[in-house]
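This report goes through one protein chain part by part. Please look at the sequence and the structure first.

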Amino acid sequence: MMELTTGKSHAGLVTDAIRGSRSGTTAINAQVVESWKRCFHDYELDPERRPEPILVDRRELKERQEHHCNLLQIARAEMSNLYQQVAGSGYAILLTDQDGVVLNYVGDPMFTGTASQSALQTGAIWSERTQGTNGMGTCLVEKRPLIIHQDEHFFTKHTGLTCSAAPIFDPTGELVAVLDASSDSRRAQEHTMVLVNMSAQLIENRLFLCAMRDHYILRFHSRPEFISTLGEGAIAFDENGRVKAVNRSALFQLDKPDVKSVLDHSLEDLFSIRAQAALDNAHQYAGSNRPLHDARQGRRFFASFQAPHRECENGHQRLGTTRRSPVLRGLEETNTTLDSLEFGDARMRRNVERAKKLLERDIPFILLGETGTGKDVFANAVHRSSDRADKPFVAVNCASLPESLIESELFGYRPGAFTGASREGSRGKIVQAHTGTLFLDEIGDMPLHLQARLLRVLEEREVIPLGGETPIKVDIRLISATHKDLKRHVEEGSFREDLYYRLNGISLQMPPLRDREDRLALIKHLLSKEAGGDDVTIEESALALLDQFEWPGNIRQLRNILRTLIGLCDDNCIRVDDLPDEIFQNADIEDGAPQLRPSNPLDIAERDAILRELEAAHWNVTRVASKLRISRNTLYRKMKRFDIRSPR
């Protein structure tokens, strides 16, 4: 962080900073000082000079736009969406190419005069060399999101501007464009910066999909629910399993420094999967999430494979999405009641019974359990079974929203509360849930400073929006959920103890699919539901294999695989050969019954531990199940899985 002398002209401040003067100083970002030095020493610019707008001629602009036609088509919709989010706040949304030439411009009428005076227009060149330190030009040099706020500009002429810019990279890691939001606002720009960066990433991901439409694509994330979201990793590879492109999220998750470090490497160098298996997954099990391990460190990811697409569709098919039939989309939206959630599992039956007793009482629920165990479905079922069923059910995933957006998303804001706020303001999710149910998923990821605000809302039953003073009364049923150990987080100080006890009117543990006693009945139920009215059957041997699988992704993984099986099976009958490799690769079929054999150290250790306990208890299954705190059915299932047979 460099410091500047105050009480001088802007040119004097810039000159002092370049020389390193610290007399009567105020702090300024070090990257800005480095940019000023480039402008002064490398480009020989004078901060006192009023730079004339430099525009390319109409012919050159048209050639540049035609060269980047896919980029412009993809970016146009996202620029429009971004503009709508900041409309009324005096913004211009600009897209430049790699040389800083503005290819597209969407402007707010409130900002048109300032924009024209500053040459914020299509065809203008906004590189550092021509316009000094500025959002677009400096972003092209730094290759990362940044804000250039007023006096941080090199030229005095531009000090009335505030610019938030984010880079856009092509699938090979080359910087091809910059997305920028500029205004003459004097307010802080952090919220706008988040919106710009998210929009740039969306454009980048769609550009990836369009450019790599003739390649296979692997999408992955360490958490299965984040596949099909902005944060998923994406790798394009050819029919030989050679990597041809990666996005930035993939590099981050694999801890790789740049695209060049993985280009033309084999997929087997990155993950524990052979090239042919990857191709088979793309053709036979497209859209199905399955576990995948890092080849170097063994970290587990969840992955989905996609075969080549021959049409780009102007990038409008989002990276990470799969198309589902209208029937399946309708099934996903079907309301579910509590009575339809259990089929014989003792823990789920107890959860349902306890929830029913408290339906009409003002008691908050907290749902605990692994990712994919159906916490969101249970929350919706509680709402649909209560007297609030015809009122709003509003769900917020605290882990999927950037920290800077959670507060405005939850509590709402008044018009003009911050830069980028809509002119109408926003009610916020809590007010939207008035008279209904608010479901806070992944509550363990809520920032600490917002936990205090949420606690106040729960205690006082009123909300004060950002930028507002008058509280708004709310009547909500609160249901929260997390896969984290909140008690441990309370002890560590990352979760408020008073909020924990306020949320925990009753806690219900959602059992993992591998331990559910009604798993077989649940598989049959979900198969029927996913079939959407079609008469789909399943062979007993295939059903037994599904029943015995560990299901690390729980019900979400089961539903994904069932959807794929329904689409792939012949004659509406699912057979063993239709199952993905992960289901039966460790299975032997003996006398018509599948038997899974221990094949890794954890399974072997578990088998040995169960054997020791059974032998010590003289093969009394009830006693061993009680000691291990699992049901007898679960113990029998594990014995069958590991081929443990009583000597009797």
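## Confidence in the model

Over residues 588–597 the pLDDT stays under 50, and the model has 29 contacts beyond four places in sequence for this stretch. The model is a predicted one.

For the protein chain, the average pLDDT is 81, and 84% of the residues score at least 70. Among the elements of the chain, the lowest mean pLDDT, 33, belongs to helix H12 (residues 326–332). The highest, 95, belongs to helix H7 (residues 135–142).

## Helix H2 and its partners

Helix H2 (residues 30–42) packs with helix H1 (residues 10–19): the axes are 9 Å apart and the angle is about 100°. H1 is therefore roughly perpendicular to H2, because an angle of 65 to 115 degrees counts as such. On the H1 side the contact involves Leu13, Val14, Ala17 and Ile18. On the H2 side it involves Val33, Trp36, Lys37, Phe40 and His41. Sorted by class, this contact of H1 with H2 has seven nonpolar residues, one polar and one charged.

H2 also meets H7, and here the axes come within 11 Å and cross at roughly 95°. H2 and H7 are therefore roughly perpendicular to each other. Gln31, Ser35 and Arg38 of H2 make this contact with Thr138, Val141 and Glu142 of H7. By class, the contact of H2 with H7 has one nonpolar, three polar and two charged residues.

## A five-stranded sheet

In what order do the five strands of the open sheet stand? The order is E4-E3-E7-E6-E5, and the pairing is antiparallel. Strand E4 (102–107) and strand E5 (146–149) are the edge strands, each pairing on one side only. From one strand to the next the twist averages 20°.

Within this sheet, strand E6 (residues 162–169) and strand E7 (residues 175–183) run antiparallel and are joined by eight bridges. Isoleucine 168 stands opposite alanine 177 in E7. Helix H4 (residues 69–86) lies across strand E3 (91–97), E4 and E7, and runs at about 160° to E3.

## A parallel pair

Strand E13 (residues 365–368) pairs with E19 in the parallel sense, over four bridges. Isoleucine 366 has serine 507 as its bridge partner in E19.

Which residues of strand E19 (residues 506–509) are on the covered face, and which on the uncovered one? Ile506 and Leu508 are on the covered face, while Ser507 and Gln509 are on the uncovered one. In a regular strand the side chains alternate between the two faces of the sheet.

## Around valine 463

Valine 463 has its place in strand E16 (residues 462–463). Is valine 463 buried or exposed? Valine 463 is buried, because its relative accessible area is 0% and the cut-off for buried is under 20%.

Leaving aside neighbours within four places in sequence, valine 463 is in contact with Phe411, Ile430, Val431, Val457, Thr470, Pro471, Ile472 and Val474. Valine 463 and lysine 473 are ten residues apart in sequence, and their C-alpha atoms are 6.5 Å apart in space.

Definitions and conventions
Residues numbered from 1 in each chain as written. Predicted model: local features only at pLDDT ≥ 70, side-chain atom pairs only at ≥ 80, totals over all residues. Heavy atoms only, no water. Buried < 20%, exposed > 50% of the residue type's maximum accessible area, 1.4 Å probe, protein only. Helix = DSSP H or I, 4+ residues; strand = E, 2+ residues; numbered from the N terminus. Pairing = 2+ DSSP bridges. Axes fitted to C-alpha atoms, helices over the stretch in contact; angles between N-to-C directions. Parallel < 35°, antiparallel > 145°, perpendicular 65-115°, else oblique. Contact = heavy atoms within 4.5 Å. Nonpolar A, V, L, I, M, F, W, Y, C, P; charged D, E, K, R; others polar. pLDDT = per-residue confidence, 0-100.
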